[in-house]
Amino acid sequence: MLYSKKAIGILSLLLSPFLGAILFAANLRDIGKRPIGPLFVIGSLFLGGLINRIFPDVNPVFLFLLNNIVGSALLYFYFFDKFFGEYEYDKKNFWPPTLIFISVIAMVVLAIYFKNTFLNH
């Protein structure tokens with residue numbers, strides 16, 4: 001069972017290429033290509049940093065959208081077909097890792113909010 005191409009593409013576009021890369025790495029692990037999985041996770045972080053470096057004085061929302069569009073397009077149109085094009089697979093449920101990702105992000109946002117609220121006074 002693998003996470004579907006559509007799930008990886010949509011979650012990368014809507015949430016983060018980092019999440020898409022984690023799901024992609026899990027797929028690589030499941031087909032026996034475990035050693036290259038972390039490269040995609042690190043690559044997704046590198047992509048975000050590169051886009052931020054190329055456009056340093058641009059609106060953060062634009063950077064977020066650009067990062068998600070580019071990361072999603074790479075995973076969906078290029079890498080998924082390259083690594084999983086010949087595989088017949090059943091689809092894994094993508095909700096558990098998605099909910100974990102959203103929970104972690106929510107905790108980080110709350111921690112930043114409470115740090116700024118209570119420690120700066």
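**Entry 1: H1 against H4**

I began with the pairing of H1 and H4, whose axes lie 7 Å apart and pack at an angle of about 165 degrees. The model I am reading is a predicted one. Angles over 145 degrees count as roughly antiparallel, and H1 and H4 are therefore roughly antiparallel to each other. I also noted the handedness: H1 passes H4 in a right-handed crossing.

I then listed the residues that meet. From H1 these are Lys5, Lys6, Ile8, Gly9, Ser12, Leu13 and Leu14, and from H4 they are Phe64, Asn68, Ile69, Ser72, Leu75, Tyr76, Phe80 and Asp81.

**Entry 2: Phe64**

I looked up Phe64, which has its place in helix H4.

**Entry 3: H1 against H2**

I turned next to H1 and H2, whose axes cross at roughly 155 degrees and come within 7 Å. That makes H1 roughly antiparallel to H2. On the H1 side I recorded Ile8, Leu11 and Ser12 in the contact; on the H2 side I recorded Pro17, Leu19, Gly20, Leu23, Phe24 and Asn27.

**Entry 4: H2 itself**

I compared the length of H2 with expectation. Its 14 residues should span 20 Å at 1.5 Å a residue, and its end C-alpha atoms are 20 Å apart, which agrees.

How many of the 14 residues of H2 are buried? I found ten, so H2 is largely enclosed by the rest of the structure. The buried residues are Pro17, Leu19, Gly20, Ala21, Leu23, Phe24, Ala25, Ala26, Asn27 and Leu28.

**Entry 5: The largest nonpolar core**

I examined the largest nonpolar core, which has 19 residues. Those touching the most other members are Ile8, Leu23, Phe24, Leu28, Phe40, Phe83 and Phe84. The elements giving two or more residues to this core are helix H1 (5-14), helix H2 (17-30), helix H3 (37-54) and helix H4 (60-84). Which helix gives the most? H2 does, with seven residues.

Leaving aside its neighbours within four places in sequence, I found Leu28 in contact with Lys33, Arg34, Ile36, Gly37, Phe40, Phe83 and Phe84.

**Entry 6: H5 and Thr98**

I finished with helix H5, residues 95-118. H5 has 24 residues and reaches 34 Å from its first C-alpha to its last, close to the 34 Å expected at 1.5 Å a residue. In H5, I noted Pro97, Thr98 and Phe101 as buried. What covers the buried residues of H5 includes H1 and H2.

Why does Thr98 count as buried? Buried means under 20% relative accessible area, and Thr98 is buried because its relative accessible area is 2%. Not counting residues up to four places away in sequence, I found that Thr98 touches Leu11, Leu15 and Leu19. I had already recorded Leu11 of H1 and Leu19 of H2 in the contact between those two helices.

Notes. Residues numbered from 1 in each chain as written. Predicted model: local features only at pLDDT ≥ 70, side-chain atom pairs only at ≥ 80, totals over all residues. Heavy atoms only, no water. Core = buried A, V, L, I, M, F, W, Y, C linked by side-chain atoms within 4.5 Å. Buried < 20%, exposed > 50% of the residue type's maximum accessible area, 1.4 Å probe, protein only. Helix = DSSP H or I, 4+ residues; strand = E, 2+ residues; numbered from the N terminus. Contact = heavy atoms within 4.5 Å. Expected span 1.5 Å × (residues − 1). Axes fitted to C-alpha atoms, helices over the stretch in contact; angles between N-to-C directions. Parallel < 35°, antiparallel > 145°, perpendicular 65-115°, else oblique. Left-handed = near helix turned anticlockwise from the far one by under 90°.
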